[in-house]
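Here is the model we were going to look through together.

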Amino acid sequence: MNAFDVIIIGFGKGGKTLAAEFAKRGRKVAIVERSDKMYGGTCINIGCIPTKTLVHQAKIASGMEDSTFEERSAFYRNAIAVKESVTSALRGKNYHNLADHPNVTVYTGVGSFVSADVVSVRTSTEEIWLTSKQIIINTGAETIIPPIEGVADNSLVYTSTSIMELTDLPRRLVIVGGGYIGLEFASMYASFGSQVTVLESYPELIAREDRDIAASVKETLEKKGIVFRMNAKVQSVKHVENRAVVVFSDSQTDEVFELEADAVLLATGRRPNTKDLNLKVAGVETDARGAIIVDEYLKTTNPNIRAVGDVKGGLQFTYISLDDYRIIREDLFGDKERKTSDRNPVAYSVFIDPPLARIGLNEDEARKQNLDVIIKKLPVMAIPRAKTLGETDGLLKAVIDKNTGKIVGCMLFAPDASEVINIVAMAMKTAQDYTFLRDFIFTHPSMSEALNDLFS
Ligand SMILES: Cc1cc2nc3c(=O)[nH]c(=O)nc-3n(C[C@H](O)[C@H](O)[C@H](O)COP(=O)(O)OP(=O)(O)OC[C@H]3O[C@@H](n4cnc5c(N)ncnc54)[C@H](O)[C@@H]3O)c2cc1C
Ligand SMILES: NC(=O)c1ccc[n+]([C@@H]2O[C@H](COP(=O)([O-])OP(=O)(O)OC[C@H]3O[C@@H](n4cnc5c(N)ncnc54)[C@H](O)[C@@H]3O)[C@@H](O)[C@H]2O)c1
């Protein structure tokens, strides 16, 4: 049995950063990753980086208005190759960052607990047992495959991972699920030149956003040709010759519809990757959704075992997994001050075109909490930088506490929103009055200067 100071199961953002931290401090580290295609984890291989590489390529493609479908297909094929070269370079770099360190051993195989301090690694050829008093679980999340007739083993049905391997641009793409992944892929494939239909089971699009923001998003995406079918209950996906036939009903009227497609993307959520881990023998408990239960220092129900990233449920973002690393670093080697309960508010961005970014409470949530608020809005049309870009769709919105003058929340549906939201986040984190952004000297013409007008 090989003994280590720490074993990390899963090569995700938090885990790989912790591995490097432990190694730098002279600890003997084992990191276990089940796939040689996943060194570096979801973000760089099948998540943020490949999608945002393709989103950028799609933005270029959206300028090919007069091109034929064949020309657009050729552009798309090249975009997939660009994406592949970005991810494979990052994968190699991530592997060598750890594997080349004398204190780190990378094991490629499926990790599972044998007991609270023994982990088995099943590689393609053997089973190896590792032992440590300290174990960190960083196994991420996986696509939920909904129980729809005909989706299993259907070569025209894709997940976000497999569709990014598809080199032929689908003429007609049906996306099941209108959440983060659904909307990002809808926007991206519409820009590449696919005809996109989104089937969402919920009556409203992006239900947790204010209705005026959601309406602006829907209208803008519809202008790109995307069709939204709400209340859609997907019954089956048949593979007929070389096309898919999606049968769905309207859950309010029970009317049944059929749609033909060249590809169907399942974007119906992601669930924590815990099934292979044999957590029971380690005394690690999960909640009803299979997420590992942790305290504010990310200790599981077995205090020698911690969990970081998507596997512990809650917000599924790379920067949350990275912050999990900081919490453990500070708990083990620092002042123990950092904890999950201090994290809020956390910003997020959906990389549609233009992007939608948000931090804090929206108007609806603030009113439900009986906060006395001032609402500020600014159409993107009124922003000089947007005019120079020729991108005038969208809406900015801010929620301010009337009594304290503090910013309670902000929603930006605008070009560069995923960058500008970080400025608002810094103002909120440092408890600035809203006048700070109203009167800040920004460069011109920039999207960030719109914050002067939004908060005026
Ligand atoms: C399509 C898509 C787009 C996204 N876009 C964004 C974005 O723009 N911005 C953002 O912040 N977030 C985005 N996310 C979410 C983000 O990718 C995740 O929140 C983040 O990568 C989670 O990292 P993690 O540390 O939890 O682990 P992961 O990076 O998921 O790593 C877990 C690793 O564990 C391995 N593993 C699993 N089980 C075992 C086992 N039993 N043994 C050994 N290894 C195992 C897996 O193969 C994987 O490599 C996106 C996700 C997807 C799917
Ligand atoms: N920009 C980003 O940061 C980014 C991008 C992509 C993904 N992510 C992460 O990945 C996670 C997963 O994304 P996601 O979009 O898969 O999940 P999600 O939970 O955001 O959305 C899933 C959607 O599918 C709908 N749905 C579920 N089952 C359905 C069915 N059978 N038929 C029709 N609709 C159905 C749900 O109502 C929901 O709207 C997100 O929570 C997010 O944290 C982040």
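**Notes on the model**

1. D416 sits in the loop between β24 (407-413) and α11 (417-429); helices (H or I, at least four residues) and strands (E, at least two) are DSSP runs, numbered from the N terminus. Phi of D416 is near 65°, a positive value in a residue other than glycine. D416 counts as partly exposed, at 41% relative accessibility. The classes used here are buried for under 20% relative accessible area, exposed for over 50%, and partly exposed in between (1.4 Å probe, protein chains only).

2. Before going further, a word on the ground rules. This is a predicted model, in which local features need pLDDT of at least 70 and side-chain atom pairs count only at pLDDT 80 or more, while totals for chains, interfaces and linings use all residues. Residues are numbered from 1 along each chain as its sequence is written, chains are lettered from A and ligands numbered from 1 in the order in which they are written, and side-chain values use heavy atoms, with hydrogens and water left out.

3. I206 also deserves a look: its phi is positive, about 35°, although it is not a glycine. I206 lies in the loop between β12 (195-199) and α7. Is I206 buried or exposed? I206 is buried, with a relative accessible area of 16%.

4. Two peptide bonds are worth checking by eye. N344 and P345 are joined by a cis peptide bond with omega of about -5°, and P345 is in the loop between α8 and β20 (348-350). H444 and P445 are likewise joined by a cis peptide bond, with omega of about -5°; P445 falls in the loop between α12 (434-438) and α13 (450-454). As background for these points, most residues other than glycine have a negative phi, and most peptide bonds are trans.

5. On annotation, UniProt (unreviewed entry) places "domain: FAD/NAD(P)-binding" at residues 4-319. Over residues 4-319 the chain is 29% helix and 27% strand, with the end C-alpha atoms 27 Å apart. The UniProt annotation "domain: Pyridine nucleotide-disulphide oxidoreductase dimerisation", also from an unreviewed entry, covers residues 347-453. Over residues 347-453 the chain is 32% helix and 27% strand, and the end C-alpha atoms are 21 Å apart. Please keep in mind that such annotations may be inferred rather than shown by experiment.

6. Which residues come closest to ligand 1? The shell has 37 residues, and the closest are E33, T42, K52, D310 and S321; a residue counts if one of its heavy atoms lies within 4 Å. A polar side-chain atom of T42 is 2.5 Å from an oxygen atom of ligand 1, and a polar backbone atom of D310 is 2.7 Å from an oxygen atom of ligand 1. A backbone N or O atom of R34 lies 3.1 Å from a nitrogen atom of ligand 1. The protein covers 95% of the 1,000 Å² of accessible area that ligand 1 has on its own (Shrake-Rupley method, 1.4 Å probe). Among the elements that give two or more residues to this shell are α1 (13-24), β3 (29-33) and α3 (48-61).

7. Around ligand 2 there are 18 residues, of which I181, E184, E200, Q316 and S349 come nearest. A backbone N or O atom of Y180 lies 3.1 Å from an oxygen atom of ligand 2, and a polar backbone atom of G269 is 2.9 Å from an oxygen atom of ligand 2. The protein covers 74% of the 860 Å² of accessible area that ligand 2 has on its own. Helix α6 gives the most to this shell, with 3 residues.

8. Helix α6 (residues 180-192) also holds F185 and Y189, 4 residues apart, about one turn of the helix. Their aromatic pair is stacked, at 6.3 Å centre to centre and 15° between the planes. Rings of Phe, Tyr and Trp (its six-membered ring) pair if their centres lie within 6.5 Å; planes under 30 degrees apart count as stacked, over 60 as edge-to-face and the rest as tilted. F185 and Y189 are both buried, and ring pairs link Y76, F185, Y189 and F192 into a cluster.

Methods:
Polar contact = N/O pair within 3.5 Å; in protein donor to acceptor, adjacent residues only side chain to side chain.
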